[in-house]
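Visitor: I have a structure open and would like to learn how to read it. Could you take me through it feature by feature?

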Protein chains: 2
Amino acid sequence: MATKRKPPTTLKQVAKEAGVSIQTVSRVVNERPDVAPETRERVLAIIERMGYRPNVLARSLIRRRSHTLGVVTAGLMYTGPSRTLNGVASQAQRMNYTLLLKELPDFGGYTIQSLLDDLLARQVDGIIWAIAEVGGNREEFVSQLSYLPVPVVFLTMAPREGWHIVAIDNEAGGRMATEHLLAQGHRRIGHITGPLDWWEARERKAGWEKALAAAGVPQSPELCVEGDWSSISGIEGIAHLRARVPDLTAVFVGNDQMALGVLHYAYQHGVRSPQDLAVVGFDDITEAAFFSPPLTTIHHDLHRLGCTAVQEVVRRIEAEQGDNLVGGDPRYAHIQPTLIVRESSALQSAA
Amino acid sequence: MATKRKPPTTLKQVAKEAGVSIQTVSRVVNERPDVAPETRERVLAIIERMGYRPNVLARSLIRRRSHTLGVVTAGLMYTGPSRTLNGVASQAQRMNYTLLLKELPDFGGYTIQSLLDDLLARQVDGIIWAIAEVGGNREEFVSQLSYLPVPVVFLTMAPREGWHIVAIDNEAGGRMATEHLLAQGHRRIGHITGPLDWWEARERKAGWEKALAAAGVPQSPELCVEGDWSSISGIEGIAHLRARVPDLTAVFVGNDQMALGVLHYAYQHGVRSPQDLAVVGFDDITEAAFFSPPLTTIHHDLHRLGCTAVQEVVRRIEAEQGDNLVGGDPRYAHIQPTLIVRESSALQSAA
DNA sequence: ATGAAAGCGCTAACAC
DNA sequence: GTGTTAGCGCTTTCAT
């Protein structure tokens with residue numbers, strides 16, 4: 001294709017063609033009432049014929065409102081972040097916002113400043129920080145947050161005074177998983193955690209601990225090993241646990257990938273699940289229902305998490321816009337997970 | 001937080017503060033050489049102090065170049081699309097482009113027009129159409145493509161004259177999978193396809209057919225059933241196949257999800273894999289290595305697919321920009337998949 | 001090396 | 001109802 005593309009039609013050209021002022025065309029485009037029906041028809045026809053499309057950049061420049069949201073994410077190759085983004089995208093579409101997407105190369109993120117600068121330079125109306133809280137990667141923000149010219153909503157992190165946060169209740173999930181195992185009669189319940197510099201991993205572990213404590217079941221350090229979310233680490237984790245705790249009958253695993261590793265270990269070592277080892281995972285990935293045996297797990301609605309984040313940030317934007325500062329104050333929104341019981345934990349249920 | 005945010009600093013304010021013209025500040029910001037070192041220092045200091053950030057919208061307006069790419073995707077909750085997006089995002093970052101993300105609610109997509117309009121209204125420099133070719137969802141484009149004011153690169157679709165396309169070689173993948181099974185001595189090799197209105201599904205099937213034909217192995221319609229990519233349909237598919245083809249010893253499954261279903265069926269029915277039934281999947285999802293047994297599958301590099309797409313579209317943008325129309329012509333780029341052999345197909349290998 | 005003028009495409013405010 | 005004027009924040013061209 002060796003032809004130069006023709007430059008887009010402008011308001012001016014349409015106006016000239018229609019023999020009216022730029023202003024009138026602008027009114028038609030913006031569906032203002034104060035245009036003669038007859039004029040409107042004529043202009044509309046010309047717009048159609050010339051293939052006019054308003055330049056949103058110019059409009060944003062003058063309106064000081066881009067109707068654009070910045071989303072910062074990481075690890076899109078994993079299901080969690082992409083399910084969240086899925087929710088963000090669909091809700092943004094629904095609320096008529098367009099997304100600017102930024103992906104951090106890793107969860108450590110040391111390019112935050114330039115990334116943030118680009119987002120702001122492009123005049124986003126708000127930002128959704130959809131990155132897991134790992135180590136101290138939130139601290140970098142603290143110093144800047146007060147200077148930020150737009151609202152920010154954070155996903156999945158610990159409550160912080162004055163910050164706007166939407167999160168899955170990971171601790172509740174951990175508790176539900178453990179309580180379920182307790183209800184099945186288990187007493188020696190191990191836990192394979194995610195990397196403990198992840199806030200989510202710590203929360204899930206806390207849920208496990210609290211459930212055990214509440215049931216008066218003694219716990220000891222050897223019941224818990226740290227994984228790295230990968231299936232391999234699940235295999236290693238269960239191997240360690242079984243070596244250290246001979247009478248282990250159940251394990252709550254920090255995510256489904258690691259739980260798959262546990263199931264795989266069982267398959268290889270002739271350990272039957274759930275008879276010899278009950279397993280509960282976390283995430284409810286699509287595949288979990290078809291593991292062998294199907295995996296009991298904690299389901300959390302990341303799509304909804306994403307949707308909520310968009311709603312919250314837009315709510316703040318709108319509040320600040322309309323000089324209406326009520327209704328835009330920071331809050332911590334918790335989304336509750338649910339327990340999905342399948343065969344990997346069901347001692348007495350039908351296969 | 002009930003305080004109104006302060007509006008961003010502008011060039012003008014910096015200029016006034018520094019006692020120079022707007023022009024000079026602009027030169028400093030754009031790192032032009034023709035500024036006295038001393039002036040530059042002073043301006044830079046003030047920029048820093050006032051927290052000035054250039055307004056990219058204004059810049060794009062005048063430069064007719066937004067350094068923005070539109071990405072249209074669908075089904076982000078699935079691993080395929082999100083791995084692709086991952087590649088697109090990282091490469092875009094690397095090439096200094098920012099992404100505008102649009103997600104279609106489903107693969108049928110009948111809101112294409114408005115979605116495209118929004119992208120163009122926001123002055124994207126190019127578009128990456130990262131949506132699987134399903135049914136006739138490409139045809140809608142044909143009528144418009146010639147009018148598009150910016151380059152478009154399509155992902156994963158059949159070659160079409162004059163279109164710029166980057167795709168995985170699905171047929172080659174199907175062939176490799178089947179040839180592997182043939183090499184293991186199998187002769188009755190079934191196939192569970194994806195939905196056949198998907199181009200990819202048809203390609204994979206074609207690969208299977210051609211491999212069988214090349215080996216002189218007779219094939220018949222009952223060796224092939226259509227699934228819908230889901231694990232459930234994999235279970236149903238293998239059940240049908242086994243009922244219709246009693247001497248079936250191997251099956252090539254259109255994706256890993258369905259292959260997981262097949263493995264699950266085997267687990268439930270006491271069918272041993274690979275001994276009684278060899279299974280090969282397609283996609284190489286992270287979990288596949290930990291299925292029981294670990295799944296032999298076709299690996300394709302979707303991350304690279306995404307990267308390539310960005311490179312291609314930027315190449316075209318740059319070519320058209322510089323009046324240099326060479327090097328920007330449409331092409332069909334194929335990315336080759338690879339076979340990953342694991343236990344589910346390895347008759348004679350070590351467990 | 002620096003500044004003044006013009007204008008990107010559009011909308012807000014006011015006039016008529 | 002419609003047109004005129006001004007200007008969003010910036011870059012370009014041209015003068016000095």
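Visitor: Which elements each supply at least two residues of the surface near DNA strand C?

Guide: A residue is near a strand if its C-beta atom, placed from the backbone, lies within 6 Å of it. In this predicted model, local features need pLDDT of at least 70 and side-chain atom pairs count only at pLDDT 80 or more, while totals for chains, interfaces and linings use all residues. Residues are numbered from 1 along each chain as its sequence is written, with chains lettered from A and ligands numbered from 1 in the order in which they are written. Here the elements are α2 (22-29) and α4 (56-63) of chain A, together with α2 (22-29) and α4 (56-63) of chain B. Helices (H or I, at least four residues) and strands (E, at least two) are DSSP runs, numbered from the N terminus. With 5 residues, α4(A) gives the most to this surface.

Visitor: How many residues surround DNA strand C, and which are the closest?

Guide: There are 24, and the closest are A:L11, A:N55, A:A58, B:S21 and B:A36. By class, the surface has 12 nonpolar, 9 polar and 3 charged residues. Ala, Val, Leu, Ile, Met, Phe, Trp, Tyr, Cys and Pro count as nonpolar, Asp, Glu, Lys and Arg as charged, and the others, Gly among them, as polar.

Visitor: Which residues come nearest to DNA strand D?

Guide: Of the 25 residues around DNA strand D, the nearest are A:S21, A:A36, B:L11, B:N55 and B:A58. Two or more residues come from each of α2 and α4 of chain A and α2 and α4 of chain B. On this surface α4(B) gives the most, 5 residues.

Visitor: How many residues of chain A are in contact with chain B?

Guide: Two residues are in contact if their C-beta atoms, placed from the backbone, lie within 7 Å. By that test, 53 residues of chain A contact 53 residues of chain B. On the chain A side, α4, α5 (79-94), β2 (98-104), α6 (112-121) and α11 (256-269) each supply at least two residues. The largest share, 8 residues, comes from α5(A).

Visitor: In which sense do β2(A) and β2 of chain B run, parallel or antiparallel?

Guide: Two strands pair if DSSP finds at least two bridges between them. Here 3 bridges join β2(A) to strand β2 (residues 98-104) of chain B, and the strands run antiparallel. For a landmark, find A:L99 opposite B:L101 in β2(B).

Visitor: Which residues lie on each side of β6(B)?

Guide: In a regular strand the side chains alternate between the two faces of the sheet. In β6 (residues 189-193) of chain B, one side has B:I189, B:H191 and B:T193 and the other B:G190 and B:I192, all buried. A residue is buried if 20 or more other C-beta atoms lie within 10 Å of its own, exposed if 12 or fewer, and partly exposed in between, with C-beta atoms placed from the backbone. β6(B) also pairs in the parallel sense with strand β8 (residues 250-253) of chain B, over 4 bridges.
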